[in-house]
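Here is a short briefing on one protein chain. Keep the sequence and the 3D view open as you read.

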Amino acid sequence: MEGKAGDAFTMEAGEPAPGGFVGKLWLPKGLSGSVAKEWFDRRRSAIRPWAGFVDQRKFSKPRNFGELCQRVLRNLDNYQSNYVFIFLGLILYCIISSPMLLVALAVFAGAFYIIHLRSLESKLVVFGRELNRPHQMGLAGALSLPVFWLAGAGTAVFWVLGATLAVIGSHAAFHELEGADIEEIIMEPV
């Protein structure tokens, strides 16, 4: 089976392969190492100072529900990059603290790498059907799914989401707005 025109998972003939470590890995056509690096650099440059982010003197209980909503919205906007790095840190902590999850990720990466190497040698055919890149990725996932299940990957995902929601939600709700951000909310009686 030839790749379809406009398929996001194939490179066109004559297209240069992206360089660097990420270029050696297979990535979809629309996602390159430079795009990820550019996104990461933008996030890193938009980080607010961590000293002000965790300053205990800037935390207080909101006076009413309107102020709570205003704090959450403004703090999510102001500290968005800080919150992204907290989320990434929690993911990293979860992966490092669970050896079985590390094994599961290694099995997934190994399965994909072996399938990728075999497809470079010759077309990969399973049950009489030739597999393209998305199907190969699905096969690697299917091969490593039992290991992810045994490692408790679902529990890890929900732990990361819950911890992120608790940390970011409490910071956004209790961190006071800075002087320029304070604007009185006018509430109409219902």
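Cysteine 69 sits in helix α4, which spans residues 65-78. Helices (H or I, at least four residues) and strands (E, at least two) are DSSP runs, numbered from the N terminus. The model is predicted: local features need pLDDT of at least 70, side-chain atom pairs count only at pLDDT 80 or more, and totals for chains, interfaces and linings use all residues. Residues are numbered from 1 along each chain as its sequence is written, and side-chain values use heavy atoms, with hydrogens and water left out.

**Cysteines**

- Cysteine 69 counts as partly exposed because its relative accessibility is 31%.
- Cysteine 94 has a relative accessibility of 10%, so cysteine 94 counts as buried.
- Buried means under 20% relative accessible area, exposed means over 50%, and partly exposed lies in between (1.4 Å probe, protein chains only).
- Cysteine 69 and alanine 173 lie 104 residues apart in sequence, yet their C-alpha atoms are 7.6 Å apart in space.
- A search of the whole structure turns up zero disulfides.
- A disulfide is a covalent bond between the sulfur atoms of two cysteines; the search takes a pair of cysteine sulfur atoms within 2.5 Å.

**Overall layout**

- The protein chain holds eight helices and two strands.
- From the N terminus on, their order is α-α-α-α-α-α-β-β-α-α.
- Of the 190 residues in the protein chain, 27% are buried.
- Take the contacts (heavy atoms within 4.5 Å) with a separation of 6 or more: 75% of them join residues 24 or more positions apart.

**Helices α5 and α6**

- Helix α5 (residues 80-97) packs against helix α6 (residues 99-121) at an angle of about 95°, with the axes 5 Å apart.
- That makes α5 roughly perpendicular to α6, a label for angles of 65 to 115 degrees; under 35 is roughly parallel, over 145 roughly antiparallel, and the rest oblique.
- Axes are lines fitted to C-alpha atoms, for helices over the stretch in contact, and angles run from 0 to 180 degrees between N-to-C directions.
- From α5, Cys94, Ile95, Ile96 and Ser97 meet Pro99, Leu101, Leu102 and Leu105 of α6.
- The residues of this contact comprise seven nonpolar, one polar and no charged.
- Ala, Val, Leu, Ile, Met, Phe, Trp, Tyr, Cys and Pro count as nonpolar, Asp, Glu, Lys and Arg as charged, and the others, Gly among them, as polar.

**Confidence**

- The predictor's confidence in each residue is its pLDDT, from 0 to 100.
- The protein chain averages 77, and 76% of the residues score at least 70.
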